[in-house]
Amino acid sequence: MRDPADDPGVRRIPAPALKGAVARLFTAAGCDATEAAQVADGLVEANLYGHDSHGIGLVPTYLSNLRLELVRPGQHIRVVADYGAILGLDGHKGFGQAIGEEAMNLAVERARVTGIALVGLANTHHLARIGRWGEQCAAAGFASIHFVNVLAQPLVAPFGGLDARLATDPFCVAVPHAPHPLVLDCATSTVAYGKVRVAYDAGRRLAPGTIIDAQGRPTDDPAAMCGDPMGALLPFGGHKGFALAVMCELLGGALSGGQVQDRRPQPSPMINNMLSIVFAPDKLCAADEFARQVERLAAWLRGSPQPAVGDGIHLPGEPERIAARERERTGIPLPRPTREALAGCARTLGTGDADLFLLPTETP
């Protein structure tokens, strides 16, 4: 696939400058400095790791939700059930970047005592890149598994169906390892909806088998997911991705203390529920032995014959670090529609950052 940085109208902006500008936007919109920095750091990190769908392109939506009181600034988790190793938490519609961090801190704290913690987190605004929460646990020395559901407009067709009934329902597994954790973080749809928006903004087509239009016909045009009526994403791997999404609905939705997707009006367009299992891996396998096992597996996999043109064989979590090294060096590429939307937010909130997002030839 073509690098979005090659598209016309793209501007590369250093990550620190983006973090500062985004933090100022959320401070101007009513967040305190700490919360604004948490939101900015989480969104820009997603861009650094190459997941632009979960990055600062979401800022206008977040700010709109804030104005509409669909997300609440200054919230903290509330413990609604406490059975030692099992915790039920409510996020009060707080920003997922802040609430998720609090929830994982508590999960790690309990896992240090019991060896394992099962945490249900309900009623939280968009948790964004779920790998961030697995990485937080891994940095503390714990492995983790995360099931997430999304109470929002349905976007994904069930296997065998022709309209949207599910959300993209992410699934994540992370294990500690040096120099960085190994992380599986994926939507249960063929792609995250945000990646469709990124393709639409960049004028790119989608891979075959990714979406269907509003009549249920296969298409590679991302505009099918950006109009009314809207088409639907397809589950990855057919029935397998669909089955995993159902489990994310049941574990991440119902068993977290939240709700599953259905036809009822949703309380917010971006409410997430998450069930996390956090445990001490050295209770089962010594850390040095696990490191040896990872290296043995990696060597075995990378020994496979590879095509003449390709990116090589990478373990889960490695592509993100490769992207981060490149983007830390060259800046984060932002297409013109994203930049113009961010510049509009800066003008509305009076932060003085509009020029950061625009090229010299573009009208501020």
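**Salt bridges in close-up**

**View 1. The side chains of Asp41 and Arg132 form a salt bridge, with N and O 2.9 Å apart.** In this predicted model, local features need pLDDT of at least 70 and side-chain atom pairs count only at pLDDT 80 or more, whereas totals for chains, interfaces and linings use all residues. Residues are numbered from 1 along each chain as its sequence is written, and side-chain values use heavy atoms, with hydrogens and water left out. Asp41 belongs to helix α2 (residues 33-48) and Arg132 to helix α5 (residues 131-139), so the contact ties together parts that are 91 residues apart in sequence. A salt bridge is a side-chain nitrogen of Lys or Arg within 4 Å of a carboxyl oxygen of Asp or Glu; helices (H or I, at least four residues) and strands (E, at least two) are DSSP runs, numbered from the N terminus. Arg132 is buried at 14% relative accessible area, while Asp41 is partly exposed at 25% (buried, under 20%; exposed, over 50%; partly exposed, in between; 1.4 Å probe, protein chains only).

**View 2. Arg205 and Asp220 meet through their side chains in a salt bridge of 2.8 Å, N to O.** Arg205 lies in the loop between α6 (193-202) and β8 (211-212), and Asp220 in the loop between β9 (218-219) and β10 (232-233), so the pair links parts 15 residues apart in sequence. Asp220 is partly exposed, at 28% relative accessible area.

View 3. Arg329 is exposed, at 62% relative accessibility, and Glu326 partly exposed, at 33%.
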